[in-house]
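Please look at the sequence and the structure before reading on.

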Amino acid sequence: MSHPSPVSVVFAAQSVAGQVRTHNEDALICRPDLGLWALADGMGGHERGEVASALALDVLVEALLQGAQLVAAVQAAHEAIAAAAQPGVGEAGMGSTLVAARLDGDEFELAWVGDSRAYRIGSEHIEQLSHDHSWVQAMVDAGQMSAEEAREHPRRNLILQCLGQAGQAPEVGLLRARLAPDELLLLCSDGLTGELDDAAIQHCCAEAATLEAMVEQLVGLANSHGGRDNISCIVLGLGPNASPREAPTPGLLRKLFKSLQP
């Protein structure tokens with residue numbers, strides 16, 4: 001997958017500051033020419049967080065344009081943020097999460113660092129593909145905390161891996177999978193998943209009439225639940241040219257994609 005072919009993909013994206021934060025430290029990028037969709041959630045105070053997330057995506061794209069594999073491009077983003085952080089100048093260091101998907105036909109490669117997530121969603125199912133690099137997730141993995149307890153725990157925002165962490169290259173999460181014609185890929189920051197559980201996200205996606213309405217409704221619902229953090233999401237699916245004309249099962253998302261066909 002070093003040189004993904006341009007793919008026929010339909011997508012929509014939105015990023016907002018939320019109800020509490022005055023600045024948006026999230027950043028997102030949609031580059032169908034590279035088969036790339038990615039978002040980053042910056043940390044370190046609003047100016048430094050904004051710099052970190054923007055830098056992460058800029059360097060990711062530049063590395064991919066130069067032929068790097070996805071994981072190597074993520075590591076390059078980490079090194080750029082670490083170099084820009086300049087410790088010892090009286091300000092907190094800066095860092096960023098990242099989740100990135102690279103599509104090649106109906107196959108995709110997913111890479112992530114931190115607690116920004118990727119989900120695969122159908123008209124009746126939702127599957128979290130990424131695995132949070134967070135303290136509460138480590139507790140869940142160790143059997144010391146339930147997933148429900150993790151959602152409400154005071155330390156739920158403590159992440160164990162990020163881009164830009166001084167002296168520690170992140171262990172990039174990586175998986176390869178396929179996307180069915182009646183499925184969507186959702187990339188989102190923790191501002192969405194902190195307000196909405198998986199069932200609410202799936203229901204919102206299945207009920208939306210268009211992808212634009214879908215991201216609007218996801219962000220709006222998260223805001224109505226408190227909007228305590230910046231909220232960003234990207235939804236994408238295989239476009240008309242990549243999906244068969246007749247569906248074995250109708251399904252709401254399948255109807256959406258069939259309606260896009262000429």
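With the side chain of which residue does the side chain of R117 make a polar contact of 2.7 Å? The partner is D132, whose side chain makes that contact with the side chain of R117. A polar contact here is a pair of N or O atoms within 3.5 Å, where, within protein, one must be able to donate a hydrogen and the other to accept it, and where residues adjacent in sequence count only if both atoms are side-chain atoms.

The model is a predicted one, in which local features need pLDDT of at least 70 and side-chain atom pairs count only at pLDDT 80 or more, while totals for chains, interfaces and linings use all residues. Residues are numbered from 1 along each chain as its sequence is written, and side-chain values use heavy atoms, with hydrogens and water left out.

R117 lies in strand β7, where strands (E, at least two residues) and helices (H or I, at least four) are DSSP runs numbered from the N terminus. R117 counts as buried because its relative accessibility is 15%; buried means under 20% relative accessible area, exposed means over 50%, and partly exposed lies in between, with a 1.4 Å probe and protein chains only.

Side chains of opposite charge can pair when their charged atoms come close. A salt bridge is defined as a side-chain nitrogen of Lys or Arg within 4 Å of a carboxyl oxygen of Asp or Glu, and a search of the whole structure finds eight of them.

| D229 | R21 | 3.3 Å |

D132 is buried, with a relative accessible area of 9%. Salt bridges that share partners also join D106, E107 and R178 into one network.

D106 is partly exposed at 32% relative accessible area, and R178 is partly exposed at 48%.

D229 forms its salt bridge with R21; D229 lies in the loop between α7 (211–224) and β11 (231–238) and R21 in the loop between β1 (9–16) and β2, so the pair ties together parts that are 208 residues apart in sequence. D229 counts as buried at 15% relative accessibility, whereas R21 counts as partly exposed at 39%.

## Positions in the strands

D26 has its place in strand β2 (residues 26–31). D26 is buried yet has no salt bridge, and the nearest side chain of opposite charge, R21, is 7.4 Å away; for charge, Lys and Arg count as positive and Asp and Glu as negative, while His and the chain ends are not counted. The side chain of D26 does make a polar contact of 2.8 Å with the side chain of S232.

Strand β2 is also the place of L28, which is partly exposed with a relative accessible area of 28%. L28 and A54 are 26 residues apart in sequence, and 8.1 Å apart in space from C-alpha to C-alpha.

L186, found in strand β10 (residues 184–188), is buried with a relative accessible area of 0%. The C-alpha atoms of L186 and F11 are separated by 9.7 Å, although these residues are 175 residues apart along the chain.

G42 has its place in strand β3 and is buried, with a relative accessible area of 6%.

## The largest pocket

The largest pocket is lined by 31 residues, of which D115, R156, N157, D190 and G194 lie nearest its centre. On a 1 Å grid over the protein atoms alone, a pocket is an open set of points where a 1.4 Å probe fits, with protein on both sides within 12 Å along at least five of seven lines, and lining residues have an atom within 4 Å of a point. Elements that each supply at least two residues of the lining include β3 (36–43) and α6 (198–207).
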